[in-house]
Amino acid sequence: MPPFEIAVATDLTEEGLNLLRGEDDLRVVAVRPTRREVRAALTTAHALIARDDLSIDAALLADAPRLRVIGRVGASLNGIDIDAASARGIMVMNTPGVSAVAAGEHTVALILGLARRLVEMHNSLAAGEWVQDRASLAGVQLQGKTLGIVGFGRVG
């Protein structure tokens, strides 16, 4: 029996790709997330892994005779024609929470950037003004302050 073929049309980490490549009964085909390249890969692929930068509609699915599963990297299923996939018996799934740590860390970085006025400092430096007026751009320190993060779901 030929191996189960997975078309990967997104930028998975090497760690993630190696997990897939480490399985004897899987064949991983990496393609750019363009309709032309994905359409070509789907002529033989059993699975597709993509992000929301690729629209997966009925026309694309029509060229995927072996496709059995679509995995969307991310929390949403935007851009996937669920009705067309369901009509063909193709399972559609997502990966909620996959970016939760990165989004949380990015939020902390933005909080620090705002507190220390990094954008204003950068613009002042680029304009050659920073040395003349450093004190007004110093920002605030977070030490001794209370910071609360309110959110819904995994990121909050």
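These are my notebook entries on a predicted model.

**Ground rules.** I number residues from 1 along each chain as its sequence is written, and my side-chain values use heavy atoms, with hydrogens and water left out. Since this is a predicted model, I ask for pLDDT of at least 70 for local features and 80 or more for side-chain atom pairs, while totals for chains, interfaces and linings use all residues.

**Helix α5.** I take helices (H or I, at least four residues) and strands (E, at least two) as DSSP runs, numbered from the N terminus. I looked up α5, residues 100-115, and checked its span. The expected span is 1.5 Å times one less than the number of residues. Next I listed its buried residues: Ala100, Gly104, Gly113 and Ala115. Buried means under 20% relative accessible area, exposed over 50%, and partly exposed in between (1.4 Å probe, protein chains only). Those buried residues pack against α6 (118-126), counting heavy atoms within 4.5 Å as contact.

**Arg117.** I found this residue in the loop between α5 and α6. Most residues other than glycine have a negative phi. Arg117 is partly exposed at 26% relative accessible area, and its side chain meets that of Glu120 in a salt bridge (2.7 Å, N to O). My rule for a salt bridge is a side-chain nitrogen of Lys or Arg within 4 Å of a carboxyl oxygen of Asp or Glu. Glu120 is partly exposed too, at 39%.

**Other salt bridges.** The count comes to 7 by this rule. One of them joins Glu37 and Arg32 at 2.5 Å, N to O; Arg32 counts as exposed, at 52% relative accessibility. Another joins Glu14 and Arg21 at 3.7 Å.

**Cores.** A nonpolar core here is a set of buried Ala, Val, Leu, Ile, Met, Phe, Trp, Tyr and Cys residues joined through side-chain atoms within 4.5 Å. The largest has 21 residues, and Val38, Leu42, Leu48, Ile56, Leu61 and Leu67 touch the most other members. β1 (4-9), α2 (35-41), β3 (47-50), α3 (58-62) and α4 (82-87) each supply at least two residues of this core. I also noted a second, separate core of 9 residues, including Leu20, Val28, Ala47 and Val73.

**Val38 up close.** Leaving out residues up to four places away in sequence, I found Val38 touching Ala9, Val31, Arg32, Pro33, Leu48, Leu54 and Leu60.
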